[in-house]
Structure formats: C-alpha cells, structure tokens
Amino acid sequence: MNSSSTRRQATRAKLYEAAVTLIAEQGFSATTVDEIAERAGVAKGTVYYNFKSKTELFEELLRFGVGLLTASLQEAADEAERRGGTKIEALDGMIRAGLVFIDRYPAFTQLYVAELWRTNRAWQSTLMVVRQQVVAVVETVLREGVERGELSEEIDIPLTAAALVGMVLVAALDWQAFQRERSLDDVHAALSRLLHGRVGGC
C-alpha cells in the first residue's frame, strides 16, 4: 500500500470517528459537515474530497464499522476452529468478541442499533446489507454445528443467528448505559450461560 493511500485511510478513520461521535451525541440531521471536519481536525474540503456528501460518509461509516465487527467475529470463529473447539465454543468466542467490539466502539453500536429501527433513511439498503454480513457469520457457524451433529437440526438458523447478534448488541448497550460496574468478563459469563442453555441445550 502506498503512502498516499495509507494517508487517505488514516484521514477517513478520523472522519468516521468524528462523525460517529457527533451523530451519536446530536443526531444525523443536526450534525453538519463543518462540525465533522472540525472534530476530525481537517479542512471541510477534505470531507468532500473523501465523500460526496454527509449521507455517503454515513453509509461508508456503517460499512466500515460493521466490517470491523464482522472481522472480529470471524476471527473468533476461526480461532476456535484452530484450537479444535466445538461450534458452541466458537459462538461463545464470538459473543466475547462482540462485547469487546462494543466496549471499544460504544457510540458506533448505539448508532447502528438506533438506525436499524428507522425505515425512511437514504441508507436503508446499505444498513440491510451490512446487517446481513454480521448475521451471516453467525449463521455459518450454526449451520456447521448442525451438520456436525453438535447442534439440534430443529434450530431455525436465520432466526437464531439474528437473535444471538441482537442479544449481544442489546445486552452490551444495557451494560454500557446502566451496569457499568460489571466487568466484561461478568457480562460475557451471563451471556455464555444463556448460549449454553438455549442453543447448546446443556
């Protein structure tokens, strides 16, 4: 990768961070490109050099953030596979990876969850695509678990995958907002028990 492309990636990362923080604080409509540029410490023209509009910046922010989340879930699944672990262990590792991601990017997660419930946004189709990316990683692990006989064939894979992703998102946001005294290990242990009881059938 050449230095100009590395520089551009670094600039985009600064813009994503500025945008996600501002939009989480005051909403999309109230956030201006000027404010995003100022928070990122760049000129307004830099925003438009990288993105055609504030809407495009937001769409790319969704892709970027969900891409990071998907990659961390996939890495957790791959790590369990390398260790010769079961698919339940892979799912457990993915729950922890999801909590670590949300702990690191709470503003992005808040924004993502809030936008899932809006239906009149210009980026609705982008949101559906990135949501499916996250859910698909979990679906793959569930499907492999069923094929190996580790999980029940009665599992509704698409719904169970969506439920697991939703459980982690909502529980983590509740933790961030109302139960900050709990440690990440504590929250993970509680969700792990749910996973083993419901999906694992133990």
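Predicted model: local features only at pLDDT ≥ 70, side-chain atom pairs only at ≥ 80, totals over all residues.

Reader: Which elements does the chain run through, and how many helices does it have?

Author: From the N terminus on, the elements read α-α-α-α-α-α-α-α-α. Strands number 0, and the count of helices is 9.

Reader: How far does helix H4 reach from its first C-alpha to its last?

Author: H4 covers residues 54–82, which makes 29 residues. At 1.5 Å a residue, 42 Å would be expected. The model comes close to that, with a reach of 42 Å.

Reader: Are H1 and H4 roughly parallel or roughly perpendicular to each other?

Author: Two packed helices are described by the angle between their axes and the distance between the axes. For H1 (residues 3–26) and H4, the axes lie 10 Å apart and the angle is about 100°. Angles of 65 to 115 degrees form one class, and therefore H1 and H4 are roughly perpendicular.

Reader: Which residues in H4 does H1 meet, and how many residues of the contact are charged?

Author: On the H1 side are Leu15, Tyr16, Ala19, Val20 and Ile23. They meet Leu57, Phe58, Glu60, Leu61 and Phe64 in H4. The residues of this contact divide into 9 nonpolar and no polar, and the number charged is 1.

Note on methods: Residues numbered from 1 in each chain as written. Heavy atoms only, no water. Helix = DSSP H or I, 4+ residues; strand = E, 2+ residues; numbered from the N terminus. Expected span 1.5 Å × (residues − 1). Axes fitted to C-alpha atoms, helices over the stretch in contact; angles between N-to-C directions. Parallel < 35°, antiparallel > 145°, perpendicular 65-115°, else oblique. Contact = heavy atoms within 4.5 Å. Nonpolar A, V, L, I, M, F, W, Y, C, P; charged D, E, K, R; others polar.
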